[in-house]
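Colleague: I have this model open and would like to go through it with you. Can we start with the packing and then move on to the helices and sheets?

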Amino acid sequence: MAGLAAVLGSGAMTNSISELEQAACIFVIGSNTMAAHPIVGRRIIRAVRKGARLIVADPRETMLSKRADVWLRHQPGTDVALLNAMARVIVEEKLFDASFVEKRCKGFDDLRAVLLDQDLSQGEQITGVPVDDIVEAARTYATISPATIIYAMGITQHSRGTDNVMAVANLALLTGQIGKPSTGVNPLRGQNNVQGACDMGALPDVFPGYQKVDDPKVRKKFEKIWGRKLSGSPGLTLTEIFEAALEDKIKALYIMGENPVLTEADVTSTEEAISHLDFFVVQDLFLTETAKLADVVLPAASFAEKDGTFTNTERRVQRVSKAIEPLGNSRPDWMIIRDIAQQMGAEGFDVNSPEQIMEEIRDVVPSYRGITYKRIDNGGLQWPCPDMDHPGTPFLHKKSFGTPDGLGKLTPVVYIPSAETTSHEYPLILTTGRSVFHYHSTLSRKVAGLNVLGGGEYVEINPEDAALLEIGEGEKVKVASRRGTIWAKAHISKITPPGVVSMTFHYAETKTNVLTHAALDPVAKIPELKVCAVKIEREIDFSKDLVRWGAGRRA
């Protein structure tokens, strides 16, 4: 979000999901879309069936890479080198939209200087992608319109994730493939209301509507509305909160709808941080692995048990209508928060319905001002929707960008290797992703049928690496990083390239994030979940190995 906001003025998906089917070219990078966002993936496949060209950049073979016209199988963590190489081709061969760049962008000369400073052969050497494939991908994206870019956490969850996002945006700005239907830069959010949570200010440096806390005018506005003096200092991100707890700088923590004991990078440190707290509260639907460590657990209601809104990945604000009454002692989140606030003597929490809260949102968030329950009862509206007569905005940046000067910012970025690289002791790269059968870490694990389909964790390893390590299909192996060790069954497959292994993070029985690296992107403060160095060793069955050794001795 930070990267897009800096260069385009908004960190949200620029276009609508439905527009994908009309795209003539689709570039997917850092997204196993059919596994993590299968409905969006189906739209992409429909576009391909209609004749759209598909470019996929992914180290692993996926359902979309099999259908791609160009598959860029780059090494994990080399996204900037790949994207810069594509941008170099576009600039060098004059495939960029000169008029768009001149009228609607800034920074072209600086970007061009950086791009031309790196030879394409360097791009091949770093990424492992042949120059011819890089050139074909660049020409395809630049010359076929409308073209759109899809990305997800395979771009952002890196120690240089913000650079990755800026390099993606450079392609769209150079070619003018933005501000029109079926174009744009489109990050797919990881959960159903991530976009809505961010819109409401669930970030450490903004009030609702992405209004900066360190802006005195913004702060004065909210102080007047809320009747309280407000801090102008940005807070901490999730990973930074646990770091602060480890240092005893944070003594109490209240977590809602998050299971960081499974999902944070380097979860051993996360658990240790929680142990340092004096008071720990978890509000969730289930007694998650994190909730089991809490002093107090507050039972929250599910989507089917409450009213409100979700804002999805395409900025669409949609109504959530209660189907059943909350079960047991569970209650809607807003009601729990209201009652705690009132017990603490806070003012301004005298609300009795989600609709009342929505009216306050309309008052403080300009892009939501035209959105009411009545207007979205029969279908959502996409922000910005600034007034009651506005129809919503299917795509952003039609006439200008949301930056202070209205211009898109072409941003030079240079390739910097991942914070953790392989070594003699840890020779393999682990990258993590999602299974189509499971949703993050908790909800889908409660469904018996999904546990049959996606029944357990395994480490996906290329046949070449498996042969070197003498590992067989289904064999239990030890996977170790510089932070810890887990055990999992081996799945031997060419889906993952030599030198790279892959796992998901859904299973409490096999905590993959014991292994991952909490190195943070310096801007977005997102940990490097997609790249860490590991080694794999067989589980030794002494009886079988001694028999094998004895047979060898007799021979």
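Colleague: What does Tyr 141 touch, leaving out residues up to four places away in sequence?

Modeller: Bearing in mind that this is a predicted model, Tyr 141 touches Cys 25, Phe 27, Ile 55, Ile 90, Ala 147, Ile 149, Leu 171, Ala 172, Thr 175 and Gln 177.

Colleague: And which residues have the most contacts inside the largest nonpolar core?

Modeller: That core has 52 residues, and Tyr 141 is among those with the most contacts inside it, along with Phe 27, Ile 29, Leu 72, Leu 171 and Leu 174. There is also a second, separate core of 20 residues, which includes Ile 26, Val 28, Leu 64 and Ala 152.

Colleague: Switching to helix 14, which of its residues are buried?

Modeller: Helix 14 spans residues 238-246, and within it Thr 239, Glu 240, Ile 241, Phe 242, Ala 244 and Ala 245 are buried.

Colleague: What covers them?

Modeller: The cover over the buried residues of helix 14 includes strand 9 (252-256), helix 15 (260-263) and helix 16 (267-275). Just after helix 14 comes Asp 248, which takes a positive phi of about 65°.

Colleague: Now the barrel: how many strands, and in what order do they run?

Modeller: The barrel is closed and has 6 strands, running 16-20-17-19-18-21 with mixed pairing. On average, neighbouring strands of this sheet are turned by 45° against each other, direction ignored.

Colleague: Do strands 17 and 20 pair in what sense, parallel or antiparallel?

Modeller: Strand 17 (residues 458-461) pairs with strand 20 (residues 500-504) in the antiparallel sense, over 2 bridges, and Glu 460 stands opposite Ser 502 in strand 20.

Note on methods:
Residues are numbered from 1 along each chain as its sequence is written. This is a predicted model: local features need pLDDT of at least 70, side-chain atom pairs count only at pLDDT 80 or more; totals for chains, interfaces and linings use all residues. Side-chain values use heavy atoms; hydrogens and water are left out. A nonpolar core is a set of buried Ala, Val, Leu, Ile, Met, Phe, Trp, Tyr and Cys residues joined through side-chain atoms within 4.5 Å. Buried means under 20% relative accessible area, exposed over 50%, partly exposed in between (1.4 Å probe, protein chains only). Contact means heavy atoms within 4.5 Å. Helices (H or I, at least four residues) and strands (E, at least two) are DSSP runs, numbered from the N terminus. Two strands pair if DSSP finds at least two bridges between them. Axes are lines fitted to C-alpha atoms, for helices over the stretch in contact, and angles run from 0 to 180 degrees between N-to-C directions.
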